[in-house]
Amino acid sequence: MIDQAPTRTLRSLPARVLGSRSARLAEPQPPRAGRIVAYVGFFLLGIVVSVCGSFVQALWVPAGLLISLAATAAVFYAGLRVTGTKLGAGVPVAGWFLALLVLMVPRPEGDAVLWPGFSSYTYLFLGSIIGVICATLPTRGGYLLGAPRAGR
């Protein structure tokens with residue numbers, strides 16, 4: 001009798017990071033109260049990442065832009081994975097964008113945080129694209145915006 005070693009399938013980097021659909025479906029859904037607390041926390045975290053990213057992307061060009069976008073993507077994806085719903089990714093995007101809208105308005109003295117320029121526009125555009133990508137990734141189950149489907 002010949003013993004065969006178990007074969008390992010090589011998965012791509014996105015499959016290793018995002019996990020397989022069956023692995024995501026096997027994860028338990030957090031309780032409703034926990035998701036609500038997480039939504040509030042991720043909204044506030046989206047605001048914090050937006051404010052910090054606005055300063056960092058202008059401070060160290062181009063490395064600061066990459067750091068800001070990486071932090072933005074991490075918060076959006078964490079919201080998706082922690083809550084297990086698409087709303088979990090959308091809530092930090094809303095906080096991020098709301099803070100950016102406030103930061104783009106010039107003050108009466110003429111000061112502004114986000115000046116018109118390549119780095120600021122790139123941060124705004126790519127951050128929005130990352131938010132849309134994270135909000136459209138598959139979630140754990142049949143939940144849309146945190147509400148269970150009928151019949152569950």
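**Exercise 1.** Decide whether Y123 is buried or exposed in this predicted model.

*Solution.* The relative accessibility of Y123 is 0%, and buried means under 20% relative accessible area, whereas exposed means over 50% and partly exposed lies in between (1.4 Å probe, protein chains only). Y123 therefore counts as buried. Residues are numbered from 1 along each chain as its sequence is written. Because the model is predicted, local features need pLDDT of at least 70 and side-chain atom pairs pLDDT 80 or more, while totals for chains, interfaces and linings use all residues, and side-chain values use heavy atoms, without hydrogens and water.

**Exercise 2.** Classify the ring pair of W96 and Y123.

*Solution.* Begin with W96, which is buried at a relative accessible area of 1%. Its ring centre lies 5.6 Å from that of Y123, with the planes at 70 degrees. Rings of Phe, Tyr and Trp (its six-membered ring) pair if their centres lie within 6.5 Å, and planes under 30 degrees apart count as stacked, over 60 as edge-to-face and the rest as tilted, so the pair is edge-to-face. W96 belongs to helix 5 and Y123 to helix 6 (residues 118-135), 27 residues apart; helices are DSSP runs (H or I, at least four residues), numbered from the N terminus.

**Exercise 3.** Find which residues form one aromatic cluster.

*Solution.* The count comes to 2 aromatic pairs. F76 and W96 form an edge-to-face pair, 5.9 Å centre to centre with 90 degrees between the planes. F76 lies in helix 4 (residues 63-83) and W96 in helix 5, so this pair ties together parts 20 residues apart in sequence. F76, W96 and Y123 thus form one aromatic cluster.

Definitions and conventions
Helix = DSSP H or I, 4+ residues; strand = E, 2+ residues; numbered from the N terminus.
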